[in-house]
Amino acid sequence: MMFVLVVVGLVILLVGAEFLVRGAVGLASRLGVSKLVIGLTVVAFGTSAPELVVSVTASLRGASEIALGNVVGSNVCNIMMVLGAAAIVRPIVCTTPWLVRDGISVLAATVLMIVIGALGEYTAVHGVLFLTLLALFLYYCYHTERRAPARATHASEVDEVSGVPSTTAYAAGLLFGGLIAVVVGSELLVMGAIDIARFFGVSESAIGLTLIAFGTSLPELATVLVAVARGHDDIAAGNVLGSNLFNILGVLGAAAITAPVPVVPAMLTFDFWIMLGAVLVLLPYMISGRKLGRVTGTVFVIVYVGFVAAQFLGFSGMPNHV
């Protein structure tokens, strides 16, 4: 039954997130909102809705390890698995200057997350700080990209959204239906994940870092693979960097405001550093415009598989109990 809950919850969550994005983009377009604003807010928030709702739901249910593990695991998955798989499909070359800004921002947010995590937990104060920084970042992006609309990555991301409804009523229906589905799906997913952790005697952190994180990263995987197949390398990389930044500042920020999020010591000594290492490995490709080729992509995927295996083999130092 617990596996059924996870599978059904994940399917409902992902379908709901897709409807939410399509409906929100369609509604915003009908209301005359610019593509840049839609890309910065609607698309960014919508594609990260699975991580956001799952982590907040986990915090409300007292499963803070799942909430934090989801953020860390998703960020590792986005770089190592998502971009790695995309590079295997077709080598990625990024030349947009905005990606340097986004990459450095992700690095700064990751370092900030680790520094605060060393204090032992993320509180409501930290949550407010994270959300404030996210708002400031979006404000800065809007003003910088508005000056060069032809090269605005976030505006281009809107064109990647397919199946956008053409009427206001249809768009509103998809939006609200998607919101309901995301909430219901996340509730089932978290319930099933908690049951699995207890049944197999592994930590909730391990489940959050692996099963939940990979599941909630599937929208990014689909989006990035489609973008790369179409030759839109900058959009693919921008989606990953934007998702990682939103996971830290938006998802963790919202979860911390909902309830304090304690840090498992082993996560601080192992998983946080894997997350930071993934950013440091990717950043040179963003700055120099070097090609992320198939060999590197394969290495990325192998590293991610090793990261997942470490959670269940105990190499991360995590306790194999809840």
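# Salt bridges, cavity, pocket and cysteines

The structure holds 4 salt bridges. The model is a predicted one. A search of the whole structure finds 1 cavity of 30 Å³ or more, and the largest pocket has a volume of about 410 Å³. The disulfide count comes to 0.

- Glutamate 18 is paired with arginine 22 in a salt bridge, and their closest N and O atoms are 2.9 Å apart.
- Both residues of this pair, glutamate 18 and arginine 22, belong to helix α1 (residues 2-30), where they are 4 residues apart, or about one turn of the helix.
- Glutamate 18 has a relative accessible area of 35% and is partly exposed.
- Arginine 22 also counts as partly exposed, at 23% relative accessibility.

**Salt bridges between distant parts of the chain**

- A salt bridge joins arginine 61 to glutamate 187, with 2.7 Å between the closest N and O atoms.
- This pair links distant parts of the chain, 126 residues apart: arginine 61 is in the loop between α3 (49-60) and α4 (64-89), and glutamate 187 is in helix α8 (residues 168-200).
- Arginine 61 is partly exposed at 42% relative accessibility, and glutamate 187 is partly exposed with a relative accessible area of 28%.
- Aspartate 233 forms a salt bridge with arginine 90, and here the closest N and O atoms are 2.3 Å apart.
- Because aspartate 233 lies in helix α11 (residues 233-258) and arginine 90 in the loop between α4 and β1 (92-93), the pair ties together parts that are 143 residues apart in sequence.
- Aspartate 233 is buried, its relative accessible area being 8%, whereas arginine 90 counts as partly exposed at 28% relative accessibility.

**The largest cavity**

- The volume of the largest cavity is about 170 Å³.
- Its lining is made up of 20 residues, and those nearest the centre of the largest cavity are Ala44, His154, Gly242, Ser243 and Phe246.
- Two or more lining residues of the largest cavity come from each of α2 (35-47), α6 (124-146), α7 (153-158) and α11.
- By class, the lining of the largest cavity divides into 9 nonpolar, 8 polar and 3 charged residues.

**Helix α6**

- Helix α6 is one of the elements that give two or more residues to the lining of the largest cavity.
- The 23 residues of α6 should span 33 Å at 1.5 Å a residue, and the end C-alpha atoms of α6 are 33 Å apart, so the two values agree.

**The largest pocket**

- The largest pocket is lined by 20 residues, and Glu18, Glu160, Pro219, Ala222 and Thr223 are the ones nearest its centre.
- Glutamate 18, one of these residues nearest the centre of the largest pocket, is the salt-bridge partner of arginine 22.
- Each of α1, α2, α10 (218-229) and α11 supplies at least two residues of the lining of the largest pocket.
- The lining of the largest pocket has 10 nonpolar, 5 polar and 5 charged residues.

**Alanine 259**

- Alanine 259 is found in the loop between α11 and β3 (261-262).
- At 18% relative accessibility, alanine 259 counts as buried, because the cut-off for buried is under 20%.
- Between the C-alpha atoms of alanine 259 and isoleucine 88 there are 40 Å, and the two residues are 171 residues apart along the chain.

**Cysteines**

- A disulfide requires two cysteine sulfur atoms within 2.5 Å, and the count by this rule is 0.
- For cysteine 77, the closest cysteine sulfur is that of cysteine 94, 18 Å away, so the two are too far apart for a bond.
- For cysteine 94, the closest cysteine sulfur is in cysteine 141, and the 16 Å between them is too far for a bond.
- Cysteine 77 is buried, with a relative accessible area of 1%.
- Cysteine 94 counts as buried at 2% relative accessibility.

Definitions and conventions: Residues are numbered from 1 along each chain as its sequence is written. This is a predicted model: local features need pLDDT of at least 70, side-chain atom pairs count only at pLDDT 80 or more; totals for chains, interfaces and linings use all residues. Side-chain values use heavy atoms; hydrogens and water are left out. A salt bridge is a side-chain nitrogen of Lys or Arg within 4 Å of a carboxyl oxygen of Asp or Glu. Buried means under 20% relative accessible area, exposed over 50%, partly exposed in between (1.4 Å probe, protein chains only). On a 1 Å grid over the protein atoms alone, a cavity is a set of points where a 1.4 Å probe fits but cannot get out, and a pocket is an open set with protein on both sides within 12 Å along at least five of seven lines; lining residues have an atom within 4 Å of a point. Grid points are joined across faces, edges and corners, and a volume is the space filled by probe spheres set on the points. Ala, Val, Leu, Ile, Met, Phe, Trp, Tyr, Cys and Pro count as nonpolar, Asp, Glu, Lys and Arg as charged, and the others, Gly among them, as polar. The expected span of a helix is 1.5 Å times one less than its number of residues.
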